Amino acid sequence: MTYVRPKFRHPELVKNKLGYTVDYYEGALSTLCAGCGHDSISAGVVQACFEMNIEPHRLAKLSGIGCSSKTPAYFLSNSHGFNSVHGRMPSVATGANLANRDLIYFGVSGDGDTASIGMGQFVHVIRRNLNMIYIVMNNGCYGLTKGQDSATADNGSKNKTGQVNLFDSIDLASLAIELGSTFVAQSFSGDKTQLIPLIKAAINHPGFAFINVISPCVTFNNNVGSTKSYDFVREHVEATATMDFVPQMQEISVNYGKGSQKQVKMHDGSVIQLHKLAEDWDPLDRQSAINAVLNAKAKNEILTGLLYVNPDCQDLHHLLQTSATPLNELKKDVLCPGSEMLKEINADLR
Amino acid sequence: MKPTDIKDPEYFHKVVDCQYACPAHTPVPEYIRLIAEGKYTEAYMINWDSNVFPGILGRTCDRPCEPACRRGRIDEEPVAICRLKRVCADNKDDVKKLMPQGPFKTNGKKIALLGAGPASLTVAKDLAPEGYELHLYDEHKAGGGFMRSQIPSFRLPETVLDEEVNYILDLGIHTHFNHYVSSMKEILAKDYEAIFVGTGAPKGRDLPGMKGRDEGKANIHIGINWLGSVAFEHTNKIGKTVIILGGGNTAMDCCRTARRLGGENVKVIVRSPFAEMKASPWEKEDAQHEDIPIIDNHVPTSFVVENGKLTGMTFEKVHAVYDAAGKRKLVPIGEPDVFFPADDVLVAIGQENSFPWIERDLGIEFDKWEMPVVNEKTFVSTNKKVFFGGDSAWGPKNVITAVAHGHQAAISIDLMCKEKDMANDRPSPFVNLASQKMGIHEWSYDSEVVNDLRYVVPQADKKLTLTNRKKEVELGFDLPTGFKEAERCLNCDVQTVFTESKCIECDACVDICPTACITFTENAEEESDLRNMLKQPAKNKTQDIYVSGILPTKRIMVKDEDVCLHCGLCAERCPTSAWDMQKFFYNVTKVGKACH
């Protein structure tokens, strides 16, 4: 087994605006199973951060437990990271974000870590609209413990041993929309042309950005009869739209030809450029997003792409009216203004 | 684009850059792996089969393999292939018992080989075990040709030369040394089935008519003749101040030899700019290391002779001017000529073919440059019994090219003697392609890519080497360094083989490839378009792209071979073994080894 990736890279790699080549955003060599969808998502994160000119030290990776939650080791080695307790990544992310609002918080979780043990934390972090990216690498099984059905396994899906799942699945995307997540997208690990722009838009979103990525488990859930296999997903995938994320200050030059165009302006002037494929769907309308997901489900399709976005949302810091300066940068004289100030405050309370 | 036909052995052959560039197509990565395993004898025999003179070439080869080495495209310098060859030659056990064992059953056919250089010796090596009676003629007292007369002993010790020449002579070759063949007609009149001409390019260029040339002739020497005279110990000293004219490897050998025969103030003076000199870079470095200045952009104008004795030379200073087509012209810069003193001048400005001994009425056609007309594939001249190879065929090249010619000419001679068609009955190369998979993540080759920079071959102390002409300068790699240098080889012969029917398009190979070689994309009509559609555009057109058939998503897999590290990570990360690492062995078939 090879544990070390050769250091040599293509001699003609382009540099981004910071002067880094893409390999500066790589992580350690993956120890996940060969062909794991999670590795493709990691590669998507690397590419998105490279293209977004993100300084790696401005980003913190957070995860819980599971195959998915190992992946932060496999991208952005030069970033901060916190591998937390099973299902408790949102708490750690919340604490970190409140202490330093200036970092980009990149949460990675799995279907077990989110839809089972972490469900309580998941719904509350959505409710609070914490400014973070929350990616679920969703393979419908517990890959780390030999592939038992997870809570996102579809009713009727067959696992590797031939057992059919009897329970309805938790649809994380619908749930997130329902709970008021301000950015909800769904994608497939085997489609980076869709996934990378989604990650870029999620990074740019000023609130909680959720991406549910179907990521086949090649070892335990890539069999005939599984609804999370490469083949099944490829056959049943339907996109809401093809999309591009156009950063601020960049001229929009994408030409999609015929079809319905839609531009979503983000808070900082950047634009999500959509070429709509789904009918009766408006990414700014929660109701239509829920309908689109349910309609697709009724047709046995997996709806991918951007589902819903509220670009004008207010994140937790706004709601709590916290200090604009990150807490970790406040000096002692600000944090402990002295006995005079205390007297004043006490006087106000009399 | 149509899918790549990997069943055509030439596709993967081209991926093995070093082997492809070697005129004799020596399986380089195969023997480098054997060196890393400590199997020096086996490594030597792989070499011996292909290039016949591993010990000689491991010291003196022109190394066309090294500029081709893939490592040079991703790292600062290529693998030291040539000097690794010397490692196996220096450390082998008895190899003689692994060579064909005579006496061979005779087939009753006699062949004459003219000139005992590398081309003729290769023909002899290939034909002797087949039962041919081989008669080798040379004007000198020992075999080796220019390897003996022109390569100085401090680069190639006589013991190494004798050993490898004798491996061939010991196959039962009838030698006729000290025998200058002065008439082709006489040879043709004898009962030889075929005559192979391997007489090299023996005539050194001179500066006839230059002012002072005749008056100063006692101290003006033709470089190759002078080197030969030193090698055969007819000459053992030279003046203190010496000028060498010329910028090729012969000039480098001349100046370094002059330093050892008493030359204290030795200079190389060359017409062209330093960077454009014909000498190999490492030979220029070695000369400079021995305190020999190389003065470029100086065109000789006269020999200065005073009182009947050469005192020096005058030169015109020039600079290189290039026209739109890139053609170079040396233009005087307008300064007065400069004088350099000299006790002796060595003229090493090139060499050419010369066939005064071949009568022109023997059906051997010569062209307007007085060169024989030779078939490029079969090496036969217009006389069906006469073959040419080595420098004598198309002018001066190098030892490894002569060896390659010898192998092919031997095949032609054998086919002719068996009344087969020389052009169409030639044997195909021997090819094998075998998976290296040992387990889930385990390969039978060392797939790890090391980051070491090229190791430098140590040299003997200059004080020793400059006082003894026969003291070898290079010491060769010691075994630990040889191992480390061998580990730098990327194993380009272990091929990435793609089976599209197994691919599930999970992208694992794309994500893991360190050098961004692999792309899944829609197809394009034109190769040039497809090259631009890749994850990292394939700009190096000398390297092929490997194109698969259509996959279930209607895309194709395209792999740019250019900077593939052959690290095997694509195959390791492939869940379905659609990628496999398979060792490709390609060997040019020699006489008697064809499949029947």
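Reply: Gladly! Keep in mind that this is a predicted model. Let's begin with a pairing: B:Ile518 stands opposite B:Lys559 in E23(B).

Me: What makes strand E21 of chain B a partner of E23(B)?

Reply: Two strands pair if there are at least two bridges between them. E21 (residues 518–521) and E23(B) are joined by four bridges, so they meet that cut-off. They run antiparallel.

Me: How do you know that E22 of chain B pairs with E23(B) too?

Reply: The cut-off is again at least two bridges, and three bridges join E22 (residues 545–547) to E23(B), so this is a pair. The two strands run antiparallel, and B:Val547 has B:Val558 as its bridge partner.

Me: Why is E23 of chain B called mostly covered?

Reply: A residue is buried if 20 or more other C-beta atoms lie within 10 Å of its own. In E23 (residues 556–560), five of five residues are buried, so each of them reaches that count.

Me: Which way do the residues of E23(B) point?

Reply: B:Ile556, B:Val558 and B:Asp560 point one way, while B:Met557 and B:Lys559 point the other way. In a regular strand, side chains alternate between the two faces of the sheet.

Conventions
Residues numbered from 1 in each chain as written. Chains lettered and ligands numbered in written order. Predicted model: local features only at pLDDT ≥ 70, side-chain atom pairs only at ≥ 80, totals over all residues. Buried ≥ 20, exposed ≤ 12 C-beta atoms within 10 Å, placed from the backbone.
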